[in-house]
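I opened this model to go through its side-chain pairs, its strands and its surface. My entries follow in the order in which I looked things up.

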Amino acid sequence: MDFQTVQVMPWEYVLSSQALSGYQENHVRWSQSPDSHTFSVDLPGFRKEEIKVEIEDSIYLIIRTEATRPDQPVKSFKRKFRLPESIDMIGISAGYEDGVLTVIVPKRITTRRFIEPSDVPESLQLLARAA
């Protein structure tokens with residue numbers, strides 16, 4: 001009985017878009033700090049004007065490209081990430097430098113406020129005792 005030898009390939013290569021389509025893969029990295037979530041995407045060859053960062057329904061972060069140069073082959077990239085609930089929508093920022101897009105999504109800081117018994121109005125204390 002003859003067995004064929006199979007060369008084992010790393011999963012990263014097998015599952016990458018480069019292996020499947022022959023194009024360069026756009027690596028996406030996510031990290032988290034106590035203050036924010038950071039998304040970094042390798043987008044070499046794109047101009048800043050061709051990159052769009054959008055928030056959809058206050059739930060999703062969408063990063064996509066729109067290559068519009070007639071002298072370049074059509075390239076596109078689109079990824080959609082679900083955002084956590086406790087983020088500061090107004091503080092989201094993005095920057096593009098040396099072919100890497102970085103999107104910073106700050107976390108919403110929630111503070112707990114404790115009520116001192118002396119601060120509770122007397123009428124509310126009476127309601128609480130009656131219950």
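**Entry 1: salt bridges.** I began with R64 and E66, whose side chains meet in a salt bridge at 2.3 Å, N to O. I took a salt bridge as a side-chain nitrogen of Lys or Arg within 4 Å of a carboxyl oxygen of Asp or Glu. R64 is partly exposed at 21% relative accessibility, and E66 is partly exposed at 33%. For these classes, buried means under 20% relative accessible area, exposed means over 50%, and partly exposed lies in between (1.4 Å probe, protein chains only).

How many salt bridges does the rule give? The count comes to six.

I then looked up R29 and D42, which form a salt bridge with 3.0 Å from N to O. R29 lies in strand β1 (residues 28–32) and D42 in strand β2, so this pair ties together parts that are 13 residues apart in sequence. R29 is partly exposed, at 38% relative accessible area.

Next I checked R47 and E50, where the closest N and O atoms of the salt bridge are 3.8 Å apart. Is E50 buried or exposed? E50 counts as buried, at 2% relative accessibility, whereas R47 is partly exposed at 39%. I also noted that R47, E49 and E50 are linked in a network of salt bridges.

**Entry 2: the source of the model.** The model is predicted: local features need pLDDT of at least 70, side-chain atom pairs count only at pLDDT 80 or more, and totals for chains, interfaces and linings use all residues. Residues are numbered from 1 along each chain as its sequence is written, and side-chain values use heavy atoms, with hydrogens and water left out.

**Entry 3: overall layout.** I found three helices and seven strands in the protein. Along the sequence the pattern reads α-α-β-β-β-β-β-β-β-α. Helices (H or I, at least four residues) and strands (E, at least two) are DSSP runs, numbered from the N terminus. Of the 131 residues in the protein, 21% are buried.

I also looked at contacts, meaning heavy atoms within 4.5 Å. Among contacts with a separation of 6 or more, 39% are between residues 24 or more positions apart.

**Entry 4: strand β2.** T38 is found in β2 (residues 36–42) and counts as buried at 19% relative accessibility. Leaving out residues up to four places away in sequence, T38 touches R29, W30, S31, T102, V103 and I104.

S40 also lies in strand β2 and is buried, with a relative accessible area of 14%. Which residues does S40 touch, not counting those up to four places away in sequence? They are H27, V28, R29, V100, L101 and T102.

The structure holds one aromatic pair. The ring centres of F39 and F81 are 4.9 Å apart and the planes are at 40°, so I recorded the pair as tilted. Rings of Phe, Tyr and Trp (its six-membered ring) pair if their centres lie within 6.5 Å; planes under 30 degrees apart count as stacked, over 60 as edge-to-face and the rest as tilted. F39 lies in strand β2 and F81 in strand β5, so the pair ties together parts that are 42 residues apart in sequence. F39 is buried at 5% relative accessibility, and F81 is buried at 18%.

**Entry 5: a charge over a ring.** I noted that the charged end of K80 sits over the ring of Y60, 4.5 Å from its centre. The rule asks for NZ of Lys or CZ of Arg within 6 Å of the ring centre and within 35 degrees of the ring normal.

**Entry 6: loops with positive phi.** Where does D57 lie? D57 is in the loop between β3 (51–56) and β4 (60–65). D57 has a positive phi of about 55° although it is not a glycine, and D57 is exposed at 60% relative accessible area.

D98 lies in the loop between β6 and β7 (100–106). Phi of D98 is positive too, near 55°, in a residue other than glycine. D98 is exposed, with a relative accessible area of 74%.
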